[in-house]
Amino acid sequence: TKLPLWFLDLEHSLPMKNANLTYSYLFLSKTINPNTNKFTGRVIGDQQKEKGKTKQAFCRGEEREFLAWLKKDGHTPHIPRGSTFNIKSDFIKKGNEIRNL
């Protein structure tokens, strides 16, 4: 099945590439104020295991960001998709990754 053009345009802004996607959600509101706490966001993706680290998509503003745990630092917590999450105020940012959570 060929994906619609609007979805391909949207996919460029999202941390996902899935040609078999059956449905997705987009949340908009005129009454809910945006999050103003720069240390709080919502986990929007499943964990992605990579060589030497684990990443998980994280939404707290307009940037595309990931929570990242390095294998050498030990345990990676299980954070269900959709959960709110607070990062430490002394976090480290490497590219689009948030470390030292």
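At 24% relative accessibility, Phe 39 is classed as partly exposed in this predicted model, because the class spans the range between buried (under 20% relative accessible area) and exposed (over 50%), with a 1.4 Å probe and protein chains only. Phe 91, at 23% relative accessibility, is also partly exposed. In this predicted model, local features need pLDDT of at least 70 and side-chain atom pairs count only at pLDDT 80 or more, while totals for chains, interfaces and linings use all residues. Residues are numbered from 1 along each chain as its sequence is written, and side-chain values use heavy atoms, with hydrogens and water left out.

Two aromatic pairs were counted, where rings of Phe, Tyr and Trp (its six-membered ring) pair if their centres lie within 6.5 Å, and planes under 30 degrees apart count as stacked, over 60 as edge-to-face and the rest as tilted. The ring centres of Phe 39 and Phe 91 are 6.4 Å apart and the planes stand at 75°, so this pair is edge-to-face. Phe 39 and Phe 91 are 52 residues apart.

The rings of Phe 58 and Phe 85 also form an edge-to-face pair, with centres 6.4 Å apart and planes at 90°. Both Phe 58 and Phe 85 are buried. These two residues belong to the largest nonpolar core, which has nine residues, including Trp 69 and Leu 101; such a core is a set of buried Ala, Val, Leu, Ile, Met, Phe, Trp, Tyr and Cys residues joined through side-chain atoms within 4.5 Å. Buried residues make up 26% of the 101 residues in the protein.

Technical notes:
Helix = DSSP H or I, 4+ residues; strand = E, 2+ residues; numbered from the N terminus.
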